[in-house]
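Work through the exercises below with the sequence and the structure in view. Try each task before reading its solution.

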There are 2 protein chains.
Amino acid sequence: MSSTLLEPSTTAHDLPAMLPSVEWITDTARVARLSQDFAWFSPILKRDLAGKTGDVVARPRSEEEIRQVVSACAIAKIPLTIRGTGTGNYGQSTPLFGGVILDLSGYNAFCWVRSQVGRAQAGIRLSEFDAQARPHGMELRWLPSTFRSATLGGLFGGGFGGAGSINYGPLAAPGNVLGVRVMTVEPEPQIVELRGADAMLLHHTYGTNGIVLELEVALSPCVPWSECVAQFESFDQALEFASKLTKAPGLIKKEVSFLAAPIPTYMAPLMPLFNDKQHAVMMVLAPQSVEGVEDLVKSFGGVFCYNKTAEEVLSSNRTLIEYTWNHTTLHALKVDKNFTYIQSGFTPAKHVEQVKALEKELGGEVLMHLEFLRTKEGDFNCSGLQLIHYTSEARLNEIMAIYRSHGVQINNPHVYIVEDGKQNNLDPAVVKMKERFDPMGLLNPGKLRSWASREVRH
Amino acid sequence: MSSTLLEPSTTAHDLPAMLPSVEWITDTARVARLSQDFAWFSPILKRDLAGKTGDVVARPRSEEEIRQVVSACAIAKIPLTIRGTGTGNYGQSTPLFGGVILDLSGYNAFCWVRSQVGRAQAGIRLSEFDAQARPHGMELRWLPSTFRSATLGGLFGGGFGGAGSINYGPLAAPGNVLGVRVMTVEPEPQIVELRGADAMLLHHTYGTNGIVLELEVALSPCVPWSECVAQFESFDQALEFASKLTKAPGLIKKEVSFLAAPIPTYMAPLMPLFNDKQHAVMMVLAPQSVEGVEDLVKSFGGVFCYNKTAEEVLSSNRTLIEYTWNHTTLHALKVDKNFTYIQSGFTPAKHVEQVKALEKELGGEVLMHLEFLRTKEGDFNCSGLQLIHYTSEARLNEIMAIYRSHGVQINNPHVYIVEDGKQNNLDPAVVKMKERFDPMGLLNPGKLRSWASREVRH
């Protein structure tokens, strides 16, 4: 589209008529809904993001349609916010200053599997990716609890990992995401393929420094995963079991999730099995490891109380993965709207002791929910998504301060600015990427604080 | 065979005539050869085991033939020493008091692969096991450098692991070996299936506490492994690279072997690429990780100097795995007969610093060769098979003492008694197993010292 076709005063509302071949959503209520994600888990974000909405939503189905929308926005200087299916928790797809929401969920083709690598368009759902990869004997390395609807592009843009991070670490670990195809936000959008570390500069920036069109990811050989639960009377033994299993090199798992009492009683599959004093470790295990894990559970005084084969999981259409990570929070919120949560990163090798100390200090008010994983560097660790009986913002901040005083890192889920979720440790190269891929700063302006305050070098 | 058929004075030499359906080897030179393994790597073991030989070798091909030989030995109280293909290094198959060598290399059928588990008879070669498992999309979790000829039973009886231990730890890690079928040494031999931890009580006891007939092991999905080498001018950077790669969760490897200068110049595939000041890290990598590892090599100032795909490895019939672990020692010995070696277990998380300190203290005399791996508990670590310019037994002991003074554990490869290779930390349950499976103490008498000195409870 040449710039002469656009009136200087073109707004987002004018675009649907100008680009009629693209699918547009203009109904105010639907646009408002498509401006949101699961930020409502946080009472603070719910308040802070209230009323923030796009003007229209574009749902392109081809690279050419994306190009048309992007070009038009660049020419008319209309803000552009990229969206997948809205399963994020920090307002990733909420436009801070209106404009066009670029919903990529319709740009969702599976490209290929070659050897142990797969490639797909950004809008593909993770469940669909896995379904396409499985006939090749491959599966995704990580499944967030939202895998059923979450998109690959959205996971890359604002996700961490999920089930599977216990083996492969977060997406951010080198070797997981091999390359991305990126479009620039310019009147004449350019297409660039980034590989390795360069590609990762667009990761977890909430779509603020480039439009990721396709992703190439390393895969993992398919395993017919069993889903199991161990029950413990003792908090410490459950915790130590989970930590031991996480490290055990001969016992193959995809997920180890620790739910302190009474959280198991909030989770539908566990409700009939648990009383409110019992702790659960939910596990996704390779079938050949179930026997060995059962022995390990016993040696920690636990009871192996739930054991479903991959076939049973498939036919029941119920997977424990949808009770882990932030789905634990979701299910707890269904039981008690007054819950909120924090995200905490413990210190490898000290994590078990840190958890015990914090349980002693805050038990009852803060309900321990831990996801065991490997860090980007490969250390064994756990990450907390603790449930909190919410009283006030002041008390929530106090709790986070107590965590920090124990040497635990808080990844605050009650903020929506990219830098605030990263303790203000933003790699300056992220901003340089934005100079390259979004030189006019149109991608959700305000979301990447460093953009406005940068020293402009060009 | 009923005991009345045997004269009380029956010796091993009488058995071939009594059991003519079994294959026997009686030629003195061949029996002497089949009484040995690779203990000659150690000048001390070479001296200590000199002249120790069996009387005859039985090579049974069925459980029934094994039963006949075992029964006859039990009735006549003839010592019985189990042998695979003799690739061990500590006189595992050398009878200390003559008798029958039970060579199980002919008892080698592959049983089955089900889901991700495989089962075979003890005498199967590891290479043959992998060839049988591959059409099922599976492979063994570990390949010692001797995989071409070593047997599964021999690996279980006296091996550690090998390539693959960087993922799955040693065989000893729970979940690796799932079960074993064992025969008792009695006039009427019994057959028992042991599972899990019970099975592991027969592991690494050099065949002294039961005759393992079949093994059931957890497998790993097949990967078309690439073989690569990185070259470094700096010892420290090579070491740090190897340690970083070992932990990196997104970069998939089966083997990481560090060879300090000038060891690479002793290894045929590396000779043309290395001068005697350059250090090598040999790697077996998943193809989708090669790109990421190449980036990592560069970031440590190294050069990616060798890169073969799985197809190239297969068609060349040369694998780097046969230059790792104790094959490194073998190739160095071919260049200089005066080399010997030690085996050292570093301390997880401190291993890199320990290696640097010992290199500073002993560099030149002790050539650093490290195999990166995970411990039984899953910690990242490395194990040393350092090459030593041998001068005297006293100096060798001094070097081992220096290692110990740095907090490094020495697994002395210059001893042949089970307990001496385990710092005398033998689980008493191992001896109880021998009471159950070899109540008359006929399995290579003298090899398990605790047997003679035990308190007999029955």
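**Exercise 1: A salt bridge within chain A**

A:Glu193 counts as partly exposed, as its relative accessibility is 34%. The model is a predicted one. Task: find which residue forms a salt bridge with A:Glu193, and state where the two residues lie.

Solution. 
- Step 1. The partner is A:Arg119, and the closest N and O atoms of the pair are 2.8 Å apart.
- Step 2. A:Arg119 has a relative accessible area of 7%. Buried means under 20%, so A:Arg119 is buried.
- Step 3. A network of salt bridges links A:Arg119, A:Glu193, A:Arg195, A:Glu214, A:Glu216 and B:Glu291.

**Exercise 2: The contact of the two chains**

Task: describe the contact between chain A and chain B by its residues, its buried area and its salt bridges.

Solution. 
- Step 1. Chain A gives 36 residues to the contact, and chain B gives 36 residues.
- Step 2. About 2,500 Å² is buried between chain A and chain B, with 51% of it on carbon and sulfur atoms.
- Step 3. Between chain A and chain B there are 4 salt bridges. One of them joins the side chains of A:Asp379 and B:Lys247, at 2.7 Å from N to O.
- Step 4. There are also 12 residue pairs in polar contact across the interface of chain A and chain B, both residues being at pLDDT 80 or more.
- Step 5. On the side of chain A that touches chain B, the elements that give two or more residues are α7 (165-168) and β10 (211-221) of chain A. The largest share, 3 residues, comes from β10(A).
- Step 6. The residues of this side of chain A divide into 17 nonpolar, 11 polar and 8 charged.

A further salt bridge can be taken up here. Which residue of chain A meets B:Arg195 in a salt bridge?

- Step 7. The residue is A:Glu291, at 3.0 Å from N to O. The pair crosses between chains, from strand β9 (residues 191-195) of chain B to helix α10 (residues 290-299) of chain A.
- Step 8. B:Arg195 is partly exposed at 30% relative accessibility, and A:Glu291 is partly exposed at 31%.

**Exercise 3: A sheet in chain B**

Task: give the strand order of the open sheet of 8 strands in chain B, and state which strands stand at its edges.

Solution. 
- Step 1. The order is β14-β11-β13-β12-β18-β19-β16-β21 (chain B), and the pairing is antiparallel.
- Step 2. β14 (303-308) and β21 of chain B stand at the edges; each has a single partner strand, so one side of each is left without a neighbour in the sheet.
- Step 3. Strand β19 (residues 380-384) of chain B has 5 of its 5 residues buried, so it is largely enclosed by the rest of the structure. B:Phe380, B:Cys382 and B:Gly384 point one way from β19(B), while B:Asn381 and B:Ser383 point the other way.
- Step 4. β19(B) is joined by 5 bridges to strand β18 (residues 369-374) of chain B and by 2 bridges to strand β16 (residues 344-345) of chain B.
- Step 5. β18(B) and β19(B) form a hairpin with 5 residues between them, and B:Gly378 in the turn has a positive phi of about 105°.

**Exercise 4: One residue of the sheet**

Task: state whether B:Ser257 is buried or exposed, and name its bridge partner in β18(B).

Solution. 
- Step 1. B:Ser257 lies in strand β12 of chain B, and its relative accessible area of 0% means that B:Ser257 is buried.
- Step 2. Strand β12 (residues 253-259) of chain B is joined to β18(B) by 3 bridges, and the bridge partner of B:Ser257 there is B:Glu371.
- Step 3. The side chains of B:Ser257 and B:Glu371 also make a polar contact (2.9 Å).
- Step 4. Leaving out residues up to four places away in sequence, B:Ser257 touches several residues, among them B:Ala280, B:Met282 and B:Thr324.

Technical notes: Residues numbered from 1 in each chain as written. Chains lettered and ligands numbered in written order. Predicted model: local features only at pLDDT ≥ 70, side-chain atom pairs only at ≥ 80, totals over all residues. Heavy atoms only, no water. Contact = heavy atoms within 4.5 Å. Buried area = accessible area lost by both parts, 1.4 Å probe. Polar contact = N/O pair within 3.5 Å; in protein donor to acceptor, adjacent residues only side chain to side chain. Helix = DSSP H or I, 4+ residues; strand = E, 2+ residues; numbered from the N terminus. Nonpolar A, V, L, I, M, F, W, Y, C, P; charged D, E, K, R; others polar. Buried < 20%, exposed > 50% of the residue type's maximum accessible area, 1.4 Å probe, protein only. Pairing = 2+ DSSP bridges.
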